[in-house]
Amino acid sequence: MGSVISDSQLAFVKGKQILDGTLIANEVVDEAKRLNKEVLLFKVDFEKAYDSIELLYLDTVMAQMNFPTLWRKWISECVGTTMASVLVNGSPTKEFHLERGLRQGDHPSPFLFLLAAEGFNVLMNSLVTANLFNGYDVGSTGEVKLTHLQFADDTLIIGKKSWLNVRSMRAVLLLFEEISGLKVNFNKSMLTGVNIYDTWLAEAASVMHCRRGFIPFVYLGLPIGGNLRKLSFWKPVVDSIMAHLSLWNNKFLSYGGRLILLKSVMSSLPVYFLSFFRAPTCIISFIESIFKRFFWGGGEDNRKIAWIK
């Protein structure tokens with residue numbers, strides 16, 4: 001992955017064809033480091049996201065997006081007819097209707113949550129239009145501005161270093177919380193900066209009432225801004241493999257059982273990482289050596305002769 005956003009990547013961003021927020025976030029951090037740009041990245045943590053969505057707000061969003069009335073009625077019947085009761089001294093109280101929350105596990109819930117999250121996108125665009133938030137200028141020409149990345153409830157706000165941006169981020173999140181019911185957990189949210197002095201970043205985090213983050217940080221399960229050539233970047237992958245294999249030590253698996261375990265389970269663990277980042281040869285060799293020791297010896301620490309290369 002390059003250190004600067006290329007012309008083709010810039011065209012993808014302009015055409016909204018890139019859907020992988022991890023790749024975009026990595027390119028932003030890499031470009032900011034190379035061109036010495038100052039950029040703020042605020043990782044938002046929503047508290048019990050699915051459980052706190054206001055159903056009236058969800059219906060309003062669908063109305064603004066011109067969903068048919070019949071469709072909205074169907075959705076309301078699906079999510080708004082849930083009844084619940086509370087146990088008091090072991091006895092259930094009278095049932096009452098739930099006015100918020102989507103049931104996780106229901107097939108329409110992820111899609112309905114995306115509709116609810118669209119409200120935050122509208123608010124951010126309104127801030128940009130009113131010149132209350134300055135996004136990050138992509139590339140040297142600055143033709144494209146990035147303000148935020150969203151994937152379900154994983155939200156990353158990106159902007160220039162300024163006190164206006166800091167105050168606007170907190171204001172828009174509080175406003176979104178008020179209208180949607182999605183409460184932001186500022187204690188778990190994280191403000192990170194590139195080419196920004198530590199004292200300024202710490203003061204900005206204090207204003208936001210959030211934690212101060214460091215590069216690299218994790219977004220969508222992958223490190224952002226890390227050095228692919230360092231072994232520490234791949235440590236989560238190796239640790240995950242070692243942790244899974246340690247559960248199967250001394251289980252007296254046959255060679256066939258070990259082979260199925262390695263091919264069906266262990267080999268799929270690094271796929272998510274490798275689908276985004278190109279691993280160094282030494283990392284691939286190290287992972288293969290772990291698999292070989294487990295296959296022939298029954299554990300990571302048991303070294304036995306490998307009968308087949």
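**Exercise 1. Find the volume of the largest cavity and describe its lining.**

Solution. The largest cavity has a volume of about 40 Å³, where a cavity is a set of points on a 1 Å grid over the protein atoms alone at which a 1.4 Å probe fits but cannot get out, and a volume is the space filled by probe spheres set on the points. This is a predicted model, in which local features need pLDDT of at least 70 and side-chain atom pairs count only at pLDDT 80 or more, while totals for chains, interfaces and linings use all residues. Residues are numbered from 1 along each chain as its sequence is written, and side-chain values use heavy atoms, with hydrogens and water left out.

Next, list the lining, whose residues have an atom within 4 Å of a point: F46, F113, A117, F120, Q150, A152, D153, T155, F176 and L182. Sorted by kind, they give seven nonpolar, two polar and one charged, with Ala, Val, Leu, Ile, Met, Phe, Trp, Tyr, Cys and Pro counted as nonpolar, Asp, Glu, Lys and Arg as charged, and the others, Gly among them, as polar. Finally, helix 5 (residues 109-129) supplies the largest share of this lining, three residues; helices (H or I, at least four residues) and strands (E, at least two) are DSSP runs numbered from the N terminus.

**Exercise 2. Locate N36 and N66, and decide whether each is buried or exposed.**

Solution. Begin with N36, which is found in the loop between helix 2 (21-35) and strand 1 (39-44) and has a positive phi of about 60° although it is not a glycine. Its relative accessible area is 56%, so N36 is exposed (buried means under 20%, exposed over 50%, partly exposed in between, with a 1.4 Å probe and protein chains only). Then turn to N66, placed in the loop between helix 3 (55-64) and helix 4 (69-79), where phi is positive at about 65°; at 67% relative accessibility, N66 counts as exposed.

**Exercise 3. State how many salt bridges a search of the whole structure finds, and examine the one between E38 and K161.**

Solution. The search finds seven salt bridges, each being a side-chain nitrogen of Lys or Arg within 4 Å of a carboxyl oxygen of Asp or Glu. In one of them the side chains of E38 and K161 meet at 4.0 Å, N to O. This pair links distant parts of the chain, 123 residues apart, with E38 in the loop between helix 2 and strand 1 and K161 in the loop between strand 9 (154-160) and helix 6 (163-180).

Technical notes
On a 1 Å grid over the protein atoms alone, a cavity is a set of points where a 1.4 Å probe fits but cannot get out, and a pocket is an open set with protein on both sides within 12 Å along at least five of seven lines; lining residues have an atom within 4 Å of a point.
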